[in-house]
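Let me put the structure up and walk you through a strand region and then the ligand site.

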Amino acid sequence: MSRPAPSSTSRPQAGGRSFRVSVIGTGYLGAVHAACLAAAGHRVVGIDTDASRVSALAGGRAPFHEPGLDDLLRTGIDSGRLSFSTDVDRAADRDVHFLCVGTPQEPAGDGADLSYVWSAVRSLARRLSRPCLVVGKSTVPVGTAARLADVLGATAPAANGVRLAWNPEFLREGHAVEDTLCPDRLVFGVTDEASNLELRELYASVVPRSTPVVRTDLATAELAKVAANVMLAARLSVMNVLAEVCEVAKADVGDLITVLAHDDRIGRDFLTPGLGFGGGCLPKDLRAFSARAAELGVVEPTRLLAEVDAVNLHQRSRLVDLAARLLARREGRGTVAVLGTAFKPGSDDVRDSPAVDVASRLQALGARVRYYDPKAGESTARVSPELERADDAELACRGADLTLVLTEWEEFRALDPVALAEVVACREVVDARLALDPDKWRAAGWAFHGLGRGSAGA
Ligand code: UDX
C-alpha cells in the first residue's frame, strides 16, 4: 500500500488562512496530526494529560517510532507554530479543536472504552466561550457524535456557537506522516455548510488539491473508519483460511496470492497470510463494531465478524501448536529464537501483537524464549518482562533449538541462513510471515516450515 511520498511539489504551499488549532490527545494520531497541521502553516497546540509525552514532544522527540515525525516536530516548534501542553486552558480560545484521544477496547468487554473521549470533551466544553468547531477524529461507535454534540450544546458557555464535525483518520502506523499529508480520501461528517467549508479551508494547505473529499452526515463519518478496518480484517482472515488449506493440500500460497492479485476486483494489497492481524486498531475496531451493532439490534449478521476474529486468533494458536510439536524432542523446554515482536514491520508498537502473544505462550509452556526486534525491543520488555531480550538477530538465535520469524522486517528477509546455521543448536525455522525464501534456507541445511506453505508442520 505505498502512496507517493509527500513533497513540497505535491502539496499546495501554505498561504491560505492560518487557523488557530488545538489537538486534544497526542498519541500516534494526535502528535502526527498536530505536527502536519503546523507544517502547513496553522498554529497548533497539542494537549495531553501525560506529562512525559508532552515533554518529549515539546523537545521535538516523538515518544514512539514514526518515520519523519521528529523532523516535523522540530521544524514546527522552531517556527513557533507548534507547542504542547498539559493545560487544557491553552486550547480554550482556538478556532478548531481536534479530538484525537484513544478509544481502546473496554477492559471487560468487546466495546470501545470512551472514557478518554468523554473526559476530553467535558473538560474542553466548559472552556468554550467563543464560537468554534470541534472535530472528532477518534474512532468511536456510531451514535457517539450525536451525544457529544448534545453535551457541547448543554455545557459550553458559547452553546450553539460550538459546532461538531467528524473527520475520521485512516493512518497506518509507520506511514502516519505520509498518510496525513497525502491521504487517499478525507471524510467530512458535518451537519452544516459552515463546518464543511471551514474543514475544506483548513485542509487546503495540508493535503494535495486532488484529494477526494467525501461529505457525509455524522453517523456515516463515524462508521467510515471502522468499516474500512472491518473490511481489511475480513480480507486477512479469508486469506488465512485459504493459506491453511494450501498448507494441507500442499499448494503454494505465494503463487495463489499472485493469481488473486491479478484480479483488479481483488487487488494486491492486504493479501499476506500468516500470523494474522494485531495492533491498536484492527482487532479492537472489529470487536467494537460488533458490540455496537448488537446494541443497535443487529446481532445475527455480525456472527461473520466473530468468525473473522476467531480465524485470526486461530493463527496464533496453530503456530504455538506447531512450535510445541517441533520442540517435542526437548520436551517442550528448548530455546526459541523469536525474530520480530512488533505487530507489524516499521513500528515499535506491540499492542495486541500476535508475535508477543506467541512468544509469551511458548514461554509459559516451558520454552526459553529469546527475542530480537529492530524497533520494538523496549516496548516488548515493558509488556513481557519475562522474555529474554537480545540485541541482534544472531544473538537471539545463538544456541536456539527453533527459530521463529514473527514480524516481516526487511532485516529478517535479508538474513544469511548460512551464517545463522553456524550459531543455532538446531537448524529449524518457522516463517510465520511469508518473509523468507524457502529454497535459500533449505539449501543452507535448514528444516523450513512456512505458515500457509505446503511444508509447514512437515
Ligand atoms: C490499520 C489501518 O490500515 C489504518 O487505516 C487504520 O487507521 C488503523 O489500523 P495499522 O494498525 O497501522 O493500520 O496496521 P496495518 O498496516 O493496517 O496492519 C494491520 C495488521 O494486519 C498488522 O498486524 C499486519 O501485520 C497485518 N497484515 C497486514 C497482515 O497480516 N497481512 C497483510 O497483508 C497486511
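So, which residue in β3 is the bridge partner of Val-44? That's Leu-82. Before I go on: this is a predicted model, where local features need pLDDT of at least 70, side-chain atom pairs count only at pLDDT 80 or more, and totals for chains, interfaces and linings use all residues. Residues are numbered from 1 along each chain as its sequence is written, and side-chain values use heavy atoms, with hydrogens and water left out.

β2 (43–47) pairs in the parallel sense with β3 (82–85) over four bridges; pairing takes at least two DSSP bridges. β2 also pairs with β1 (20–24), parallel again, over five bridges, and there Val-21 stands opposite Val-44. Getting from β1 to β2, the chain goes through helix α1 (28–39), in a right-handed β-α-β crossover: with the strands pointing away from you, the path over the helix runs clockwise. And four of the five β2 residues are buried, that is, under 20% relative accessible area with a 1.4 Å probe, protein chains only.

Now the ligand. For polar contacts (N or O pairs within 3.5 Å), a polar side-chain atom of Lys-344 sits 2.9 Å from a ligand oxygen, and for a side-chain N or O of Arg-433 it's 3.4 Å. The protein covers 91% of the ligand's own 670 Å² of accessible area, by Shrake-Rupley with a 1.4 Å probe.

Terms used: Polar contact = N/O pair within 3.5 Å; in protein donor to acceptor, adjacent residues only side chain to side chain. Buried < 20%, exposed > 50% of the residue type's maximum accessible area, 1.4 Å probe, protein only. Helix = DSSP H or I, 4+ residues; strand = E, 2+ residues; numbered from the N terminus.
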